[in-house]
Amino acid sequence: MGVGRRAFLKFTSMALAGTLVDPKQVAIASGDYYIHRKLGLGFRRPRHWVFEALTGFPDLSRQQIVQNLDAEQQRVFNEEQMETLVAAITKYAKADERFGPCITVHRNADDYDPAVDSLWAIVDDYVEGMPFLLKDYACIVAPHEVRLSNCEAVQLKSRYVFEHERIAPVLIEDECIAVAHRNALYSIHLYDAPAISEGAGEAFAQFKSSLHLI
């Protein structure tokens, strides 16, 4: 359903006030605002967080270690994750040097059919399949219905050991929200490691309240 064109244009005008924008530029980061004009997606990053350049963030994701896959399967898995990535923001710069709270937004339209695929079925498959790939995976908050940017969504929270080629293993929590919108599946991940960080609950709440999908 989304927020509607008028609300999105108002959000965009706030984000781009006083900014010279190339009309050919599709994705724009202006101050704390992120706007993807082609997708009709916008949000505000938490204050003092960092927009990750997607030329660098893929290196972090490609080096994540998952279980039960051979080298080629691991490469394909990581590449597929990066192909759907729309935006990434992190609490700390140089995210490839240590784990820190971060938010990723993925959009999948290539193999998602809203006439066939339900959010609940997708989320159920996710919860069932992740223990095969992620060490010590557990769903700690059961999937439940929410509304995000005036869209129906399903939210859950998981915990697992994040393993990476360059970062020491760390137990993390992943608040995941699946949103079906405009014939595409959005998956939003809000990652934190409470044992080693200051917590990011307030920043996550600010991000979710700022999200605009038209």
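**Salt bridges, a helix and a pocket**

The structure holds five salt bridges. The model is a predicted one.

Start with helix α3. The helix runs over residues 71-83, 13 residues in all. From its first C-alpha to its last it reaches 18 Å. That is close to the 18 Å expected at 1.5 Å a residue. Which residues of α3 are buried? They are Gln 74, Phe 77, Asn 78 and Met 82. These residues cover an arc of only 130 degrees around the axis, so they sit on the same side of α3.

Now look at the N-terminal end of α3. Asp 70 caps it. A side-chain oxygen of Asp 70 lies 3.2 Å from the backbone nitrogen of Glu 72. Glu 72 also uses its side chain: it meets the side chain of Arg 75 in a salt bridge, at 2.7 Å from N to O. Are the two partners buried or exposed? Arg 75 counts as partly exposed, at 43% relative accessibility. Glu 72 is partly exposed too, at 44%.

Next, move to the strands. Here Lys 157 forms a salt bridge with Glu 173, and the closest N and O atoms are 3.2 Å apart. This pair links distant parts of the chain. Lys 157 belongs to strand β9 (residues 151-164), while Glu 173 belongs to strand β10 (residues 170-181). Lys 157 has 25% relative accessibility, so it counts as partly exposed. Glu 173 has a relative accessible area of 13%, and therefore counts as buried.

Glu 173 has another partner. It forms a salt bridge with Arg 159, with 2.6 Å between the closest N and O atoms. Because Glu 173 lies in β10 and Arg 159 in β9, this pair ties together parts that are 14 residues apart in sequence. Arg 159 is partly exposed, at 32% relative accessibility. Which residues end up in one network? Salt bridges with shared partners join Lys 157, Arg 159 and Glu 173.

With 10% relative accessibility, Ser 149 counts as buried. Its side chain has a contact with the backbone: a polar atom of the Ser 149 side chain lies 2.8 Å from the backbone nitrogen of Leu 213.

Finally, turn to empty space. Rolling a probe the size of a water molecule over the atoms shows where such space is left. The second largest pocket holds about 190 Å³. How many residues line the second largest pocket? The lining has 12 residues. Leu 119, Cys 151, Glu 152, Ala 153 and Val 154 lie nearest the centre of the pocket. Helix α4 (119-133) and strands β8 and β9 each give two or more residues to this lining. The most comes from β9, with four residues.

Terms used. Residues are numbered from 1 along each chain as its sequence is written. This is a predicted model: local features need pLDDT of at least 70, side-chain atom pairs count only at pLDDT 80 or more; totals for chains, interfaces and linings use all residues. Side-chain values use heavy atoms; hydrogens and water are left out. The expected span of a helix is 1.5 Å times one less than its number of residues. Buried means under 20% relative accessible area, exposed over 50%, partly exposed in between (1.4 Å probe, protein chains only). The arc is that of the directions from the helix axis to the C-beta atoms. A polar contact is a pair of N or O atoms within 3.5 Å; within protein, one must be able to donate a hydrogen and the other to accept it, and residues adjacent in sequence count only if both atoms are side-chain atoms. A salt bridge is a side-chain nitrogen of Lys or Arg within 4 Å of a carboxyl oxygen of Asp or Glu. On a 1 Å grid over the protein atoms alone, a cavity is a set of points where a 1.4 Å probe fits but cannot get out, and a pocket is an open set with protein on both sides within 12 Å along at least five of seven lines; lining residues have an atom within 4 Å of a point. Grid points are joined across faces, edges and corners, and a volume is the space filled by probe spheres set on the points.
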